[in-house]
Amino acid sequence: MQPPSDYYLDESGNTGDLSNVKIDSYFVEQRMFGLAAFGTDLDDDLIRQFGAIKAAHRIQAPEVKAKHAYDKPPFMLELLDLLMARSCPIFIELVDKHYFVVANIIERMVVPYVGECDVEPKTLWIKGVMADYMALYAPPDLAHAFTACCQSRDHAAIRELYKAIIRWAQESPYPPQEVAQGIVRFAQDSLKDYRKLPKARAVERALPVPDANPVGKLLWVLPNLTSFTNIYARINHHRAKRMSGVTLFHDEQLQFGDIFQQNKQIAESFAELGLKLPLKTADFEFWEAAELKFLRSHESIGIQIADILAGFCTRYVQDVVWSGASRQGDKAVAFDRLVGSANRNRGTGINFVAPDRMLHFLGIAPLPNY
């Protein structure tokens, strides 16, 4: 069966630049971010069946929102039945925002990129182990300090953050101690390099590459952008690099639309630049480019379904992991169906950007993506 040419994307979880999150509300209510995409040729039959499911579950709003579906899990199960009966490929990125910030610290300050060796499977594994350890055991103050450095770009503040990371890891009582010791060694080496570089170059190396919004404001830590480029690469993998004639329809992004377009082009240029990411479920070697368009959700059932998928996953994990909700009932069945629908050889299913411990808590066996 030929894969569909149209893919609908929407996000959930109040995204934006995580370096702007206030300390007193640091991911208290919306810890998770989700971006969902699914492929389909949106025909009259799908529209009719979706309308019938809405009517059967007494959802009368013309635009179905994720909260409607989450409060009616039988509706969600019937929607999944519909999508799976039509063999619609589903791609979801589910991001723990705190873990995402920590992963940026590891990637930029502790084990910064120096060459191809930094994208080899062994190095990616080391970075993942360090990010897991830091996300679980480091005080949130380190993440707050990192996001503050993104805003200030202050050379001295970044230098002090290196020292704080080293002190924390040296004093950490949590096993495995070799992980803490590894963070110390790598961070000390990175601090030495930081001190040797000219100040402007040192700051540039220690912080994420910023994007600029339509009014020129710099944005630093954007899980929606990373999630989008990863789903784009997963669709490229799913379609065996045959992306000509493909259209990605994303929910309207007044603030980030141009940034999405720019970063889509950057991802497409990786192969020309000789950059390779050895991921099992995503292919960043683009031979052909898809088209990216933006639609208003109330004008597209495809966008509404993507919103339902993203919103259901973020709400479920938020409730189970942080609010003590039960892993029983129809919500758990629907979530487990989405997890179980994954085909790593085809790039489909849920990709978790989160500590392994969270996956274990959700009853999921973590699998490396390299």
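Author: Contact here means heavy atoms within 4.5 Å. The model is predicted.

Reader: Which strands does helix 10 lie across, and at about what angle does it run to strand 3?

Author: Helix 10 comprises residues 223-238. It lies across strand 1, strand 2 (32-39), strand 3 (90-96), strand 6, strand 7 and strand 8. Its direction relative to strand 3 is about 150°.

Reader: What is the order of the strands in the open sheet?

Author: The sheet is open and has 6 strands, with mixed pairing. Strand 7 (291-295) and strand 8 (349-353) each have a single partner strand, so one side of each is left without a neighbour in the sheet. Neighbouring strands are turned by 20° against each other on average, direction ignored. The order is 7-6-1-2-3-8.

Reader: Which residue of strand 6 is the bridge partner of Tyr8?

Author: Strand 1 (residues 6-12) pairs with strand 6 (residues 247-251) in the parallel sense, over 4 bridges. Within strand 6, the bridge partner of Tyr8 is Phe249.

Reader: Which residue in strand 7 stands opposite Asp251?

Author: Strand 6 and strand 7 run parallel and are joined by 5 bridges. In strand 7, the residue opposite Asp251 is Leu295.

Reader: Why is strand 6 described as largely enclosed by the rest of the structure?

Author: The threshold for a buried residue is under 20% relative accessible area. Strand 6 is largely enclosed because the number of its residues that are buried is 5 of the 5.

Reader: Lys54 is buried yet has no salt bridge; how far away is the nearest side chain of opposite charge?

Author: Lys54 lies in helix 1 (residues 44-56). A salt bridge would require a side-chain nitrogen of Lys or Arg within 4 Å of a carboxyl oxygen of Asp or Glu. For Lys54, the nearest side chain of opposite charge is that of Glu63, at 9.8 Å.

Reader: Which residue has its backbone oxygen 3.1 Å from a polar atom of the Lys54 side chain?

Author: Leaving aside neighbours within four places in sequence, Lys54 is in contact with Ile59, Ala61, Pro62, Val64 and Phe75. The backbone oxygen at 3.1 Å from a polar atom of the Lys54 side chain belongs to Ala61.

Reader: How far apart in space are Glu299 and Glu63, C-alpha to C-alpha?

Author: Glu299 lies in the loop between strand 7 and helix 12 (301-322). Glu299 is exposed, with a relative accessible area of 54%. In sequence, Glu299 and Glu63 are 236 residues apart. In space, their C-alpha to C-alpha distance is 8.4 Å.

Note on methods: Residues are numbered from 1 along each chain as its sequence is written. This is a predicted model: local features need pLDDT of at least 70, side-chain atom pairs count only at pLDDT 80 or more; totals for chains, interfaces and linings use all residues. Side-chain values use heavy atoms; hydrogens and water are left out. Two strands pair if DSSP finds at least two bridges between them. Helices (H or I, at least four residues) and strands (E, at least two) are DSSP runs, numbered from the N terminus. Axes are lines fitted to C-alpha atoms, for helices over the stretch in contact, and angles run from 0 to 180 degrees between N-to-C directions. Buried means under 20% relative accessible area, exposed over 50%, partly exposed in between (1.4 Å probe, protein chains only). Lys and Arg count as positive and Asp and Glu as negative; His and the chain ends are not counted. A polar contact is a pair of N or O atoms within 3.5 Å; within protein, one must be able to donate a hydrogen and the other to accept it, and residues adjacent in sequence count only if both atoms are side-chain atoms.
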